[in-house]
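Please read the following report alongside the sequence and the three-dimensional view.

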Protein chains: 2
Amino acid sequence: MDSEIIAVGSEMLTPERVDTNSLFLTAQLNDLGIEVTAKHVIGDDRERLATAVRRALANVRLIIISGGLGPTEDDVTRDAVAMAIDRRQNLHPEILSGIEQRFRAMNRVMPEINRRQAMVIEGAHVLANERGTAPGQWIEQDGRFIIILPGPPHELKHMFERQCMPRLSRIVPSLAIRTLILRISGMSESELDQTIAPIYKRYENPATTVLAHNGDMQVHLRARCPSAMEAEALLAEVGSQIDAALGDRIYSRNGDPLEVVIGHKLKQRHATLAVAESATGGGLADRISLVPGSSEYFLGGFVTYSRRLKTELLGVPEDLLREFGPVSRETAEAMAIGARRRAGATYSIAITGNAGPTTDGSESPAGAFYVAIASPRDTQVVHRVWPAPDRVRVRAFAAQMALDLLNRRLSQASF
Amino acid sequence: MDSEIIAVGSEMLTPERVDTNSLFLTAQLNDLGIEVTAKHVIGDDRERLATAVRRALANVRLIIISGGLGPTEDDVTRDAVAMAIDRRQNLHPEILSGIEQRFRAMNRVMPEINRRQAMVIEGAHVLANERGTAPGQWIEQDGRFIIILPGPPHELKHMFERQCMPRLSRIVPSLAIRTLILRISGMSESELDQTIAPIYKRYENPATTVLAHNGDMQVHLRARCPSAMEAEALLAEVGSQIDAALGDRIYSRNGDPLEVVIGHKLKQRHATLAVAESATGGGLADRISLVPGSSEYFLGGFVTYSRRLKTELLGVPEDLLREFGPVSRETAEAMAIGARRRAGATYSIAITGNAGPTTDGSESPAGAFYVAIASPRDTQVVHRVWPAPDRVRVRAFAAQMALDLLNRRLSQASF
């Protein structure tokens, strides 16, 4: 079954507010095997909302509307839905007395305008609101379903879980849903898609989503089957083909990010890590140390932004800096070796580069980076130039590449 | 003029992702006096998106569509819009060679599928993408406007500001909009609102928004008047009252973040800065060095995650660590003094603390932090405990407090 979600409220059409109820609703609906095919935000406008409801009814069997159930003139959801499906509304005496009671419990008299909240669309099933004044409504119309929910998240969640999920599960055939998350690094988004599209395109089920963020990629496979066993078998079937196509580009199969994967490997080896950063200015250390428990293997880092600190803290020879420049293979290598030795770490990562936006008087172009990994056995250096003149992104890409390199190094058998 | 925004992408119909581009677009549109009357999220489905575009065309004069311009089969925006308005698409040779060039610059060959990104709807004006491969398109249809933008926020923002805003401002009747952004630190969000609400509540124009993020707060005042002079006078009237109420809690009046304000002050004094971080793990150095040109005053940092590195790199005496513990006033002070001396900097900041989520076997509770500022004259230490057991947020709060302290120190007359 497909569904659409409509969030009602002009405040969600300002630059400061997004609708987040739909995230909760989507998770719940997906658990029943119901897909969300579109989401809408409509302002507090009776006609516009009625039109949106009519259009959604033409598309899908289930429409969930949140918000616009307050007592004021601005709260148009009841009227708009009644208009869209051409039904009357009636005052519901029990709801009215319930609202009056809530006010009495707060030692207040119900304002007259709150009577509006006791209006119910003809034929609707009332969804009691245990957390607030406005009840919800469950409406059936020609084999389709419209659910109206209050906007405040704690009211909406409680009502949906307790009263809507049980009803929906009786309507939709029960399905088992299983998800596989593969995380990938070391290739571009389009390379990734070219490699795996021939595989996942052959399947409608599992559904595949590819996400990319600053060089870090995720492939989500979501299988929906009558039984859990079938869903798992389907994921294994498609997952193993993607596995074979990507090989060691896949760094995690359980959703763990790269810095967590590296942490596990370091702990297994009883190894430690130190970093030396120039152009990423602490961003790599930040990412590594955000992992809870990272103090077990992460000793610390050197942010050697100035040339002098590269020499004093890391022992990069002045001659070498003069001859090759701070952004060079030689400097990256010397930084990594220096960081490893000075921190007394098993492994070290060094990053030097020019994050832009200008070349900053140095000989290296903006976007040029060198990453070095030093281990007990050897030191590897990789060079890369990113064209984007975006400082934040270039730094994030460089940190991602560095973690990816270390992870590959740690995947090798020996130290 | 009214507008609708359509965000395209199945990933925004999952429980994990919301569309945030529309927040930026709404702010920009509002500045021109254009209202957003509805927002939609549509999955990667050609037919559904074409229907959504047709419906939006029936409602409003301006439609902005973001996303779905990538090179893969899933990227349906170009096709869907062409379908909705019944126009053909043509391959644009210049765009194609631009994309090929981008790949060459990265030492790679353009994959064949990227040709799709060079397809342009007949009659469309091409919006060049200076930050990525997919160009945008500006289409006029029976006095209505359709703008197609790439999904990645940094590409979308740059393109919209540079190419769409100037074009839109020629279409809509001009209204002078002036904005005043005050940035505030060193107080809580509720203290801030309690202090200034009595002022801004008296005005509908300018519109006031209060934003808070990890201890950093902003007050946006937006005045819309027939003339620039009137708008500026209105901002001065309200702004001066808020100014008087907040005093030195306001650290910037031009939108500059704290790290930029500090950079200006350091440059004015020809002073330099070094940092020593334990619990923030590089996050403070990262934030300082993200400012373009920060290498003029930022020498670098020490991420002394392990106890031993505090001693070896910063010269914190082992006795002191044993006696007072790594999370203590004494250690913070010694770290700051050590960082300043070893880096040869005018000022230094040191942060030590426990970011949680557990107490990690140390004597200090999760959320406890010490921040020290060392200058040529003295060393100041401040202690703070944040109750939130959220590692990311606690670290961000600590970095914000450290920058706020340094800024106050730099506001004093002498070194």
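In which loop of chain B does Asp86(B) lie? Asp86(B) sits in the loop between α3 (77-84) and β4 (89-91) of chain B, where helices (H or I, at least four residues) and strands (E, at least two) are DSSP runs numbered from the N terminus.

This is a predicted model, in which local features need pLDDT of at least 70 and side-chain atom pairs count only at pLDDT 80 or more, while totals for chains, interfaces and linings use all residues. Residues are numbered from 1 along each chain as its sequence is written, and chains are lettered from A and ligands numbered from 1 in the order in which they are written.

**Backbone details in the loops**

Although Asp86(B) is not a glycine, its phi is positive, at about 55 degrees. Asp86(B) counts as exposed because it has 10 C-beta neighbours inside 10 Å; a residue is called buried if 20 or more other C-beta atoms lie within 10 Å of its own, exposed if 12 or fewer, and partly exposed in between, with C-beta atoms placed from the backbone. In chain A, Asn214(A) also has a positive phi without being a glycine, with a value near 50 degrees. Asn214(A) belongs to the loop between β10 and β11 (216-225) of chain A, and it counts as partly exposed, with 14 C-beta neighbours inside 10 Å.

| Peptide bond | Omega |
|---|---|
| Asn205(A) to Pro206(A), cis | near 5 degrees |
| Asn205(B) to Pro206(B), cis | near 5 degrees |

Pro206(A) is placed in the loop between α6 (189-200) and β10 (207-213) of chain A, and Pro206(B) in the loop between α6 (189-200) and β10 of chain B.

**Chain A as a whole**

Chain A contains 13 helices and 17 strands. Its C-alpha trace spans about 90 × 50 × 35 Å along the principal axes, and its radius of gyration is 29 Å, whereas a compact globule of 415 residues would have a value near 22 Å; the radius is taken over C-alpha atoms, and the globule rule is 2.2 Å times the number of residues to the power 0.38. The domain assignment, which is automatic or from a database, divides chain A into domain 1 (2-171), domain 2 (176-252) and domain 3 (258-411). Between domain 1 and domain 3 of chain A, the C-alpha centres lie 53 Å apart. Of the 415 residues in chain A, 46% are buried.

**A sheet that runs through both chains**

What is the strand order of the open sheet of 12 strands? The order is β6(A)-β7(A)-β8(A)-β3(A)-β1(A)-β2(A)-β2(B)-β1(B)-β3(B)-β8(B)-β7(B)-β6(B), with mixed pairing, two strands being paired if DSSP finds at least two bridges between them. At the edges stand β6 (125-127) of chain A and β6 (125-127) of chain B, each with a single partner strand, so one side of each has no neighbour in the sheet.

Within chain B, strand β3 (residues 62-66) runs parallel to strand β8 (residues 144-149), and five bridges join them; Ile63(B) has Ile146(B) in β8(B) as its bridge partner. Leu62(B), also in strand β3 of chain B, is buried, with 22 other C-beta atoms within 10 Å. Apart from its neighbours within four places in sequence, Leu62(B) is in contact with Met1(B), Ser3(B), Ile34(B) and Phe145(B), contact meaning that the C-beta atoms, placed from the backbone, lie within 7 Å.

**Where the chains meet**

In chain B, 58 residues are in contact with 57 residues of chain A. Elements that each supply at least two residues to this side of chain B include α1 (21-31), β2 (35-42), β14 (298-304) and α13 (391-411). The side of chain B that touches chain A has 27 nonpolar, 21 polar and 10 charged residues; Ala, Val, Leu, Ile, Met, Phe, Trp, Tyr, Cys and Pro count as nonpolar, Asp, Glu, Lys and Arg as charged, and the others, Gly among them, as polar.

Strand β14 (residues 298-304) of chain A pairs with β14(B) in the antiparallel sense over five bridges, and Gly301(A) stands opposite Val303(B) in β14(B). On its own chain, β14(A) is joined by five bridges to strand β13 (residues 273-277) of chain A, the two running parallel, with Phe302(A) in β14(A) as the bridge partner of Ala276(A). Seven of the seven residues of β14(A) are buried, so this strand is largely enclosed by the rest of the structure.

How values were computed. Two residues are in contact if their C-beta atoms, placed from the backbone, lie within 7 Å.
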